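Trainee: I have a structure to go through and would like a second pair of eyes. Can we take it piece by piece?

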Amino acid sequence: MAADDRVSATAPFRRRGWWLLGGIAALLALVLVLPQVLVGERSPETEARSFLQAILDGDTDAVREHMVEPEGGVLEAAFTDQVVLAAEERVDRFTIEETTVDGDTAQVTATLQLGRRTQETTLHLTRHREGALHRPAWELEPVELPVMRVSVPVAASAVLINGVEVPLSDEARANQTFGLVEVHLVVLPGVYQLSAPEGGEAVTPTTVRSTIPPVLGPWLNSLIEIGYELTETGEEQLGTYLIDTALAECARSTQPRPENCPFGASEEVTGEGAWKILTPPQIHVAGGAAGYYDAYGYGGLAEFTVTAEDGSTTVHRVPIEEAAIGMMDRDGRFYGTWFGNQEAVYY
């Protein structure tokens, strides 16, 4: 057989081979593409269920993909799996009540349950065309989450939520010297235990229990105040400051009625003179609120000596008995002031 005859005889086989390869490629393409076309889009209810299930699971990464970006100084510091999963109670159930589709928009109404509490919420979705085939897909519109308001002592560099330490930035703590600083934290619904971190031997952190109801959307709780109770050591430190520093400063005054001091001569006494503490007062420290501690001094005695132009002196003895207020600064040190002869209002 001639060579040309052999080439002519094998040509049909080569063509059939190419057709076979082309058929296989087309079949593979159909296998990959057809399921997407046949299955179609995920329904808006399916997308909503996926998001709500992430809330039940405490999956903050999945929830974060669909939440409104916090603004206005709201912090995400407490929005972690560790904090959420340690909550005393969390959303434990949801029920889809109704799904409404109108063109490329949809609404899914669901009821969230937290213990015995239930709350209805509506999720909004939009349909988009994406991919080479412009396959339709439903996308959940960003969901706003609840915000927890917490007042934290300025001495606290963190807040404990469900036993997990959540650090606070210097910006969040502000620059004030005394009292409480209000911080806003984005959270998931649940029951939370909050306290300030350990503050040394002078104070004991107080713990507050707060419930964020099963709501999705703009929501702000009543202000939660966490702080410190004074131990005996703390009461001694505050009392020492009130006597050794604040009272000593009063004793250096030459005025008959020095401002913010627990003693003063009668209105008939005029002119400058010298004060002397004869008996320091005893200090009783009561409870505190908003980062301040109420105290009371009693049983003390002071005298004010006025020297006349002729060199004669007049001594006026007065009791030391007055209210005071104490506070802890950013470094955990105690300060205080007396309320006697007061012109300024402190709280």
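Predicted model: local features only at pLDDT ≥ 70, side-chain atom pairs only at ≥ 80, totals over all residues.

Trainee: Disulfides, then. How many does a search of the whole structure find?

Mentor: The search finds one. Cys250 and Cys261 form it, with their sulfur atoms 2.0 Å apart.

Trainee: Which parts of the chain does the pair link?

Mentor: Distant parts: Cys250 sits in helix H6 (residues 232-251) and Cys261 in the loop between H6 and strand E15 (274-279), 11 residues apart.

Trainee: And what handedness does the disulfide have?

Mentor: The torsion about the S-S bond of Cys250 and Cys261 is about -95°, so the disulfide is left-handed.

Trainee: Is Cys250 buried or exposed?

Mentor: Cys250 is buried, at a relative accessible area of 4%. Cys261 also counts as buried, with 4% relative accessibility.

Trainee: Switching to helix H2. How far apart are its end C-alpha atoms?

Mentor: They are 20 Å apart. H2 (residues 44-57) has 14 residues, which at 1.5 Å a residue should span 20 Å, so the two values agree.

Trainee: Which residues of H2 are buried?

Mentor: Pro44, Glu47, Ala48, Phe51, Leu52, Ala54, Ile55 and Leu56 are buried.

Trainee: What comes after H2?

Mentor: Gly58 follows H2, and its phi is positive, near 70°.

Trainee: Where else does a glycine take a positive phi?

Mentor: Gly103 does, near 65°, in the hairpin of E2 and E3, which has two residues between the strands. Strand E2 (residues 93-102) and strand E3 (residues 105-114) run antiparallel and are joined by nine bridges. As one of the pairs, Glu98 has Thr109 in E3 as its bridge partner.

Trainee: What is the strand order in the open sheet of three strands?

Mentor: The order is E9-E6-E13, with mixed pairing. Strand E9 (180-186) and strand E13 (224-225) are the edge strands, each pairing on one side only.

Trainee: In which sense do E6 and E13 pair?

Mentor: Strand E6 (residues 147-153) and E13 pair in the parallel sense, over two bridges. The bridge partner of Ser151 in E13 is Glu225.

Trainee: Where is Gly227 found?

Mentor: Gly227 is in the loop between E13 and strand E14 (228-230). Gly227 counts as buried, because its relative accessibility is 12% and the cut-off for buried is under 20%. Its C-alpha atom is separated by 9.9 Å from that of Leu194, 33 residues apart along the chain.

Trainee: What about the second largest cavity, which elements supply at least two residues of its lining?

Mentor: E6, helix H5 (170-173) and E9 each do. The volume of the second largest cavity is about 30 Å³. Its lining has eight nonpolar residues, no polar and one charged; Val152, Pro153, Arg173 and Val181 are among the lining residues.

Trainee: Last one: how much space lies in the second largest pocket?

Mentor: About 180 Å³. Of the 13 residues that line the second largest pocket, Pro70, Glu71, Glu144, Leu145 and Val147 are the closest to its centre. The lining of the second largest pocket comprises 10 nonpolar, no polar and three charged residues.

Terms used
Residues numbered from 1 in each chain as written. Heavy atoms only, no water. Disulfide = S-S within 2.5 Å. Helix = DSSP H or I, 4+ residues; strand = E, 2+ residues; numbered from the N terminus. Buried < 20%, exposed > 50% of the residue type's maximum accessible area, 1.4 Å probe, protein only. 1 Å grid on protein atoms, 1.4 Å probe; cavity = no way out; pocket = protein on both sides within 12 Å on 5 of 7 lines; lining within 4 Å. Points joined across faces, edges and corners; volume = space filled by probe spheres on them. Nonpolar A, V, L, I, M, F, W, Y, C, P; charged D, E, K, R; others polar. Expected span 1.5 Å × (residues − 1). Pairing = 2+ DSSP bridges.
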